[in-house]
Amino acid sequence: SVYGVAAAAESRGVLVTNPGVWHPSLPASKRRGRTVRSASDAPARVHWTSDLAPRHALDWIVSPQAALATAIRCMGAEHASAAIDSVLHEGVLTRRSVDAVLASLPNGATALVDRFTGTPESGVESLFIRRMSEAGFHIASQFQLAGFGRFDGIIDGCVLFEIDGRSFHSGSDEFFADRDRTLVGQAFGVPIVRPSARHVLEDWPTTLAAVARTVADAKIVRRHRGLPPIGG
C-alpha cells in the first residue's frame with residue numbers, strides 16, 4: 001500500500017490531481033506489478049496532522065498509522081472498516097498496531113472492528129460481506145469447501161460467493177482458477193454468485209436483490225432434498 005502526503009490545506013486553494021506514487025525505497029515485492037491509482041477523479045483533499053508513528057514515515061510519505069487514522073476520520077464506517085481490512089491483509093500493519101491507531105481516535109472508532117476484521121481480501125469484498133450481514137444474512141468469510149477450494153465466503157450455508165475485481169483476475173491463471181472454483185461449487189450442488197466490484201459499488205440494490213433471490217431459491221432446494229446448511 002502507498003500513502004501519499006500533500007503539502008497544503010484545501011482551504012488554501014491547493015489541488016493535488018495525481019497523488020498516486022510509489023516511494024523509491026519500497027521493495028519490489030510489495031509492488032507486485034500493480035499500479036497505483038487515485039480513488040476517484042476528484043482532487044485530493046489535503047489534511048494536516050501530526051504523525052502517529054514518525055519513525056515509520058518516509059520523508060514525503062506519512063507512516064501507515066497516520067494514513068489509516070486520517071482515512072478512518074474521513075470515511076464512513078463501512079469504508080473505514082474496509083481500509084482496516086486492507087492494511088491487515090496486505091501486512092502493512094499488525095492487528096496490535098491497528099488497535100493502537102483506533103485507540104488514538106475519538107470514541108466509537110473501536111466499533112469498526114468486528115468478527116470479519118482482517119478476513120476480506122479486498123475492499124469491495126469487505127463492503128459486500130458487511131452489507132450482506134447488515135441485511136440479515138449469515139456470512140462465513142473465506143470458506144473452504146471440502147478441501148476443493150477456498151471461496152470468498154458462503155451465505156446462509158447455501159450460496160457461495162466470489163467478488164470479481166478485474167485488476168485481480170486479469171491473468172489466465174487467475175481466470176481459470178476462478179472458473180475451477182465455480183465448477184467445484186456446482187458439482188456439490190451449491191450455487192455461486194459472482195458480483196463484480198462495479199455491481200457492489202454502483203448498483204447495490206440490484207446486487208442485493210439478486211443475491212437474496214438466489215439464497216431463497218437455494219434454501220428451498222436444500223429443504224426439498226433434506227440437506228442441512230453447509231458448515232453447520
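In which sense, right-handed or left-handed, does helix 3 pass helix 5? The legends below describe close-up views of a predicted model.

**View A. Crossing of helix 3 and helix 5.** Helix 3 passes helix 5 in a right-handed crossing. Two packed helices are described by the angle between their axes and the distance between the axes. For helix 3 and helix 5, the axes come within 9 Å and cross at roughly 130°. On the helix 3 side, the contact is formed by E78, H79, S81, A82, D85 and S86, which meet G123, S126, L127, R130 and R131 of helix 5.

View B. S126 belongs to helix 5, which spans residues 123-134. The residue is buried, its relative accessible area being 1%. Leaving aside residues up to four places away in sequence, S126 touches S81, A82, D85 and P120.

**View C. The buried face of helix 4.** Helix 4 comprises residues 95-103, and its buried residues are V98, V101 and L102. Viewed down the helix axis, these residues fall within an arc of 95°, so they line one face of helix 4. They pack against helix 2 (64-74) and helix 3 (77-89). The exposed residues R96 and A103 are carried on the face of helix 4 that is turned away from the buried side.

View D. Most residues other than glycine have a negative phi. Q142, which is not a glycine, has a positive phi near 50°. Q142 is found in strand 1, residues 139-144, and is buried with a relative accessible area of 16%. D156 likewise is not a glycine and has a positive phi of about 50°. D156 lies in the loop between strand 2 (150-155) and strand 3 (159-161). With a relative accessible area of 19%, D156 is buried, the limit for that class being under 20%.

View E. How many disulfides does a search of the whole structure find? The search finds zero. C74 is partly exposed, with a relative accessible area of 46%, whereas C158 counts as buried at 2% relative accessibility.

Note on methods: Residues numbered from 1 in each chain as written. Predicted model: local features only at pLDDT ≥ 70, side-chain atom pairs only at ≥ 80, totals over all residues. Heavy atoms only, no water. Helix = DSSP H or I, 4+ residues; strand = E, 2+ residues; numbered from the N terminus. Buried < 20%, exposed > 50% of the residue type's maximum accessible area, 1.4 Å probe, protein only. Contact = heavy atoms within 4.5 Å. Disulfide = S-S within 2.5 Å. Arc of directions from axis to C-beta. Axes fitted to C-alpha atoms, helices over the stretch in contact; angles between N-to-C directions. Left-handed = near helix turned anticlockwise from the far one by under 90°.
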